[in-house]
Amino acid sequence: MMDYNFRSLEKKWQKYWRENNIYKVDDDSAKEKFYVLDMFPYPSGAGLHVGHPLGYIASDIYARYKRLKGFNVLHPMGYDSFGLPTEQYAIQTGIHPETATKDNTERYRRQLDQIGFSFDWSREIQTSDPNYYKWTQWIFKQLFDSYYCKGRDKAIPISELISDFEKTGNTKTNASCHKKTPRFTSSEWKDFTIKEQEKLLLNYRLAYLSETWVNWCEKLGTVLANDEVKEGLSERGGYPVVQKLMNQWSLRITAYADRLVSGLDKVDWSDSIKEIQKNWIGKSKGATVSFNLENSDCIIDVFTTRPDTIFGVNFIVLAPEHDLVSKVTIDSHKQNVIEYVKTVKLKTERDRQTEKNVSGVFTGSYAIHPFTNKKVQIWIGDYVLASYGTGAIMAVPCGDQRDWDFATHFDIDIINVFDNVDISQRANENRKVNISNSDFLNGLSVNEAINLSIVKLEEKGFGKETINYRLRDAIFSRQRYWGEPFPVYYEDEIPYILDDDKYVTLPKVDKYLPTSNGEPPLARAKKEAWNIYEGDRMEMNIMPGWAGSSWYFLRFMDPNNNDHFCSKEKSDYWGQVDLYIGGAEHAVGHLLYSRFWTKFLYDRDFISFDEPFKKMINQGMILGRSSFVYRVKDTNTFVSFDKRKEFKTTRLHVDISYVENDILDITAFKKWRDEYENADFILNDEGKYICGFEVEKMSKSKYNVQTPDNLVEGYGADTLRLYEMFLGPLEQFKPWDVKGINGVHNFLRKFWRLVHDSENNFCVIDEKPTNESYKTLHKTIKKVEAEIVRLSFNTVVSTFMICINELMEQNCHSKEIISDFTILLSSYAPHISEEIWFKLGNKSSVAHATFPRFNPNYVVENEINYPVSFNGKTRFVIKMEAEMTIEQIQDEVMKYEKTIHYLSGKQPKKVIVIHKRIINIVI
């Protein structure tokens, strides 16, 4: 018998879908919309591995399902094509990043197409396309021309703020701004020069230029975001990262902190992702307390969430970057302080937050306690961050473990302000205590003491109630080449925005490296290389990688619009993304920034919703199975895994293509690298070299990558799609193992054999199905739909297998049954489904079919098989009519010969019948 020829079949239908625009979607449909989106990929040079399609397959199944249910489905795809890896490749090879990006996206497209996704490719976008990033620049212009009005709790045009300044100055202004913004009257505003006015406006703009502490990587020549730094090194390349004060563009995301927290109540996301975002935003309520410096007019403001512990303060700690460090440090301590600050600059904020070793230095100065008037030592410590609160803390070692560690390390006295609590071994962070040794707060609970202490601080003029956030404004500059250029020029070192009809394209440069004096690569561009050049100079920095990905879901709605970033009519129709699927690693960066940009665009009335993604699923990672060889130290000899304990060895990753069933192909291994050509091997007792293994992240650097290409070639795209879903729940991490793929492939072959005879002729006939076949089909319809709706994609595969097994046992060739099953299968295995669908006589794609309707009448059970237990132990099964009453069941079972046998003449104490489920006889 000729079997299922998946290779020719899949190419055939992929061509058909492409040539007939089967998945192209219209915007003016009368149908209800549904928007399914994947976190779009960065097109790396390595292409896709089998872990990448996991989320894409799940979203494709759901998109196809919703089409079958009659929805107008938007399911687009594009590329987040700006990125540091491509730039690093350009630096190494001299190849323009645009060329490498084109090659990479073409490879991705080929790989995605061969898996049979139902993307509407007519909407493809790339963030590095000037036709796309000109609108990213446009959004930046709107941010620059806006400020956040606290009174109206929204962003509004900066022109309205300027109008207020002309009338009343800023004495009545209630807006998000830099904390050191000076107060001025309307007449003073009018007397300011244009340069002075523009500098003041930067304190209010949502996109602004200011000096900021940043993560600077000298080797990469750029600023890195916190999530791009791991343990003091750049995530890309592993280069040292230091803290540096630089003039940078920032976005005032902090103005949206409250709304970013409250907005999480509107979206259907996992609790874990919501919690990560809340923790990153870090909203906390407390008080700002002012400490006067001894013998000075200086004041140190600190933020604390525990003003109830103010009588436990006996030292203050400043962040090493605090403005007052040089002022409060006395001469005899200056050298120590300078050296300490220099050391801290080598650490990122994240390193400092996770650092376990205590470090600090005394300034030699003292502050005055606002209530006791006692002297309080002033220290500098790296566990205090300049970017959180005021950059200074009042240390209460009895109630904060970090302060306790610091005080213990430096032998500073610890004052206990908690009643009947032992703090000799560690700080007390339990809030269910009463306050003591605290004057007017004695005997109060923590909450009572917090409220009263704030009242007293405000009465005395030493402090006020304050809400603080851990969230910091987003640094928006990068000193690289391959990214969105800013639509900014400078006159007299003041930034100005290009007119709305103008945008900047990346100019050509001779190298993609910073200049010899440390300026960004764009500083290499000659004046004539810029498509627009205004003022004294153009902005030389570029936007960060997350700029383009913060709004791409909107451009997919209207990708070819040359007049608007997205028409209001189309964004009103498509609205929020209904289902968003992607990795949890983007929980903070991408998701937070997308939410911020969406809320801003909503405020300015460019769109009609303020959350981008209604429902989000985070797919788990498919893990690779790495293989290892063991090199005897200081030799070129490799010892088999089961002999390694006899030697001192170094474990090395080996390419999994040289390993089968954990046995190393020594000949192939020797050819892998020159250094292994003359290697020696210590084999096991069976004369084989056994490799070790470990399940870990699939990565090119670990040589454990499985590409989908080989699997599609060997088993077909439909098999790959089914198998990736079959591996387990979408959200879970799963090790990749192809041992089970044959079973999934055989299921498709079995389906093919069901509808073809021994000569490979199509053998489906137009006959009325049996009741058995109806029952099989409709229980499958019910189960498949219920599981897809629950996004439980893995269990559907086994349901398909059970259905086909039953239909084969029934020798079912009914067109009605096969048609409905084909529609059910089409979301998972679209190629074979399309083939069968057309063989059934249909003239249009199965993608345009209607999802089968479940009929409960076909699955009604006329008879029930009851397990019969005696004292809880099942002895036999008895068949009863489904409509029998409990009394009738009891009578029937007691007359049954097997019941009489097991009772052995005894009278049962009780006969328990759970209707249509079980019978238990208690003896």
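Are Phe681 and Tyr689 buried or exposed? Select the two and look: both are buried. Keep in mind as you go that this is a predicted model.

**Stop 1: aromatic pairs**

Stay on Phe681 and Tyr689 for a moment. Their ring centres are 5.9 Å apart and the planes stand at 90 degrees, so this pair counts as edge-to-face, given that an angle over 60 is what that label needs.

Next, select Tyr383 and Phe406. This pair is tilted, with 5.6 Å from centre to centre and 50 degrees between the planes. Follow the chain from one to the other and you'll see that the pair links distant parts of it: Tyr383 is in the loop between β14 (375-381) and β15 (392-395), while Phe406 belongs to helix α14 (residues 401-409), 23 residues apart. Tyr383 and Phe406 are both buried.

**Stop 2: lysines over rings**

Now pick Lys66 and Phe71. Lys66 lies over the face of Phe71, 3.9 Å from the ring centre. Then try Lys456 with Phe440: here the lysine is over the ring face at 5.7 Å from the centre.

**Stop 3: an aromatic cluster and the core**

Select Phe140, Phe144, Trp249, Phe476, Phe486, Trp546, Tyr593 and Trp597 together, and you have one aromatic cluster on screen. Zoom in on Trp597. Setting aside its neighbours within four places in sequence, its contacts include Ile139, Leu251, Phe476, Trp546 and Trp551.

Trp597 also turns up in the largest nonpolar core, which has 155 residues. Trp597 is among the residues with the most contacts inside that core, along with Phe476, Phe565, Phe793, Phe800 and Tyr828. Colour helix α2 (residues 53-68) next: the largest share of this core, nine residues, comes from there. Another core, of 40 residues, lies apart from that one; to find it, select Val325, Val341, Met394 and Ala449, which are among its members.

**Stop 4: an open sheet**

Finish with the four strands of an open sheet, ordered β32-β31-β34-β33, with mixed pairing. At the edges, pairing on one side only, are β32 (873-881) and β33 (910-914). From one strand to the next, the twist averages 20 degrees.

Inside the sheet, β31 (residues 863-870) and β34 (residues 918-922) run parallel, joined by three bridges. To see a bridge partner, select Val868 and look across to Ile919 in β34. Lastly, show helix α28 (residues 886-895), which packs on the sheet and touches β31, β32, β33 and β34. Its direction makes about 125 degrees with that of β33.

Note on methods. Residues are numbered from 1 along each chain as its sequence is written. This is a predicted model: local features need pLDDT of at least 70, side-chain atom pairs count only at pLDDT 80 or more; totals for chains, interfaces and linings use all residues. Side-chain values use heavy atoms; hydrogens and water are left out. Rings of Phe, Tyr and Trp (its six-membered ring) pair if their centres lie within 6.5 Å; planes under 30 degrees apart count as stacked, over 60 as edge-to-face and the rest as tilted. Helices (H or I, at least four residues) and strands (E, at least two) are DSSP runs, numbered from the N terminus. Buried means under 20% relative accessible area, exposed over 50%, partly exposed in between (1.4 Å probe, protein chains only). A charge sits over a ring if NZ of Lys or CZ of Arg is within 6 Å of the ring centre and within 35 degrees of the ring normal. Two strands pair if DSSP finds at least two bridges between them. Axes are lines fitted to C-alpha atoms, for helices over the stretch in contact, and angles run from 0 to 180 degrees between N-to-C directions. Contact means heavy atoms within 4.5 Å. A nonpolar core is a set of buried Ala, Val, Leu, Ile, Met, Phe, Trp, Tyr and Cys residues joined through side-chain atoms within 4.5 Å.
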